[in-house]
Amino acid sequence: MRPRGPTLERFEDDVRDFAVSRHLFDGCERVVAGVSGGPDSMAMMYALLRIRAVNPSWPRVVVAHLDHALRGDESTADAEFVQRAADASGLECVVRRIDVAPEAAARSAN
């Protein structure tokens, strides 16, 4: 069993090790994390946040959420949830809404 970082849980340690071993963030000051609001992307957001908390040289996390406007109020609620979670964590967050239904319908018609 390999030792974990000073305050990181195993999952966070694994995320850090994966990124480091593949040089994903080499030379980066910021990393943009696409967050849908689902459990996987929320876990990623919190893992990146905690990794930076114990290692300030880790890139700063910026949260990005795209509301495709396909599920009405539920899509809006997801966007608001992600914004609140990012705000509560002190993370910069960019939320955009794009109604993709007309384009999807046009592609289906062709």
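Which residue is the bridge partner of Val62 in β3? The partner is Glu92. The structure is a predicted model, in which local features need pLDDT of at least 70 and side-chain atom pairs count only at pLDDT 80 or more, while totals for chains, interfaces and linings use all residues. Residues are numbered from 1 along each chain as its sequence is written, and side-chain values use heavy atoms, with hydrogens and water left out.

**Confidence**
- The chain has a mean pLDDT (the predictor's confidence in each residue, from 0 to 100) of 91, and 94% of its residues reach 70 or more.
- Helices (H or I, at least four residues) and strands (E, at least two) are DSSP runs, numbered from the N terminus.

**Sheet**
- An open sheet is formed by three strands in the order β1-β2-β3, with parallel pairing; two strands pair if DSSP finds at least two bridges between them.
- Strands of a sheet pair through backbone hydrogen bonds, either parallel or antiparallel.
- β1 (30-34) and β3 (92-97) are the edge strands, each pairing on one side only.
- From one strand to the next, the twist averages 20 degrees.
- Strand β2 (residues 60-67) is joined to β3 by six bridges.

**Helix on the sheet**
- Helix α3 lies across β2 and β3 and runs at about 170 degrees to β2. Angles run from 0 to 180 degrees between N-to-C directions, and axes are lines fitted to C-alpha atoms, for helices over the stretch in contact; contact means heavy atoms within 4.5 Å.

**Packing of α2 with α3**
- Helix α2 (residues 39-54) packs with helix α3 (residues 73-89) at an angle of about 15 degrees, and their axes are 12 Å apart.
- The two helices, α2 and α3, are therefore roughly parallel to each other (angles under 35 degrees).
- Met42, Met45, Tyr46 and Leu49 of α2 make the contact with Phe81, Ala85, Ala86 and Ser89 of α3.

**Packing of α1 with α2**
- Helix α1 (residues 10-21) and α2 pack at about 80 degrees, with axes 9 Å apart.
- α1 and α2 are therefore roughly perpendicular to each other (65 to 115 degrees).
- In α1, Phe11, Glu12, Val15 and Arg16 meet Ala43, Ala47, Leu48, Arg50 and Ile51 in α2.

Technical notes. Angles under 35 degrees count as roughly parallel, over 145 as roughly antiparallel, 65 to 115 as roughly perpendicular and the rest as oblique.
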